[in-house]
Amino acid sequence: MPARGPSPPTPRPLLGDKAYDSRAVRRELRKRRIVPVISRNGAPNIQGLGKLRYVVEQAFAPLHQFRRLAVRWERRLELHDAFLSLASLICWRRLKRTHS
């Protein structure tokens, strides 16, 4: 009998705004054992969700400085993916430098 490794880590809850409020999204997350924390349409926003979204938006902001990513001039998906990987690496190094 093969030896079993450690069990995979439990996924963290997924935070989302009202744009992700749909049964299909919630069903898919639950199928993957991820707890959805998503504001419902017509209901007040979840307290503190804006602060957490700000962190995500600030992480994506440097990527939008690369105009090729925002507009996607490349027709071939491989070129776009390569440029995205390169831009992500550049942004990661910038973020690492500013936070250390």
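Guide: A residue is called exposed when its relative accessible area is over 50% and buried when that area is under 20%, with partly exposed in between. Please keep in mind that the model is predicted.

Lys31, with a relative accessible area of 63%, is therefore exposed. The side chain of Lys31 meets that of Glu28 in a salt bridge, with 3.4 Å from N to O. Both Lys31 and Glu28 belong to helix α1, which covers residues 23-31, and they stand three residues apart, about one turn of the helix. Glu28 has a relative accessibility of 30%, so it counts as partly exposed.

Glu28 also forms a salt bridge with Arg32, and here the closest N and O atoms are 2.9 Å apart. Arg32 is at 54% relative accessibility and, because exposed means over 50%, it counts as exposed.

A separate group of residues is joined in a network: salt bridges that share partners link Asp21, Arg26 and Arg40. Within this group, the side chains of Asp21 and Arg26 meet at 3.1 Å, again from N to O. Asp21 is buried, and Arg26 is buried as well, whereas Lys31 is exposed and Glu28 is partly exposed. As a general point, side chains of opposite charge can pair when their charged atoms come close.

The protein chain has 100 residues, of which 17% count as buried, and Asp21 and Arg26 are both buried. The accessible surface of the chain comes to about 9,000 Å², with 58% of it belonging to carbon and sulfur atoms. Finally, among the contacts between residues at least 6 apart in sequence, 24% join residues at least 24 apart.

Key:
Residues numbered from 1 in each chain as written. Predicted model: local features only at pLDDT ≥ 70, side-chain atom pairs only at ≥ 80, totals over all residues. Heavy atoms only, no water. Buried < 20%, exposed > 50% of the residue type's maximum accessible area, 1.4 Å probe, protein only. Contact = heavy atoms within 4.5 Å. Areas by Shrake-Rupley, 256 points an atom, 1.4 Å probe, with all protein chains shown as cover. Salt bridge = Lys/Arg side-chain N within 4 Å of Asp/Glu carboxyl O. Helix = DSSP H or I, 4+ residues; strand = E, 2+ residues; numbered from the N terminus.
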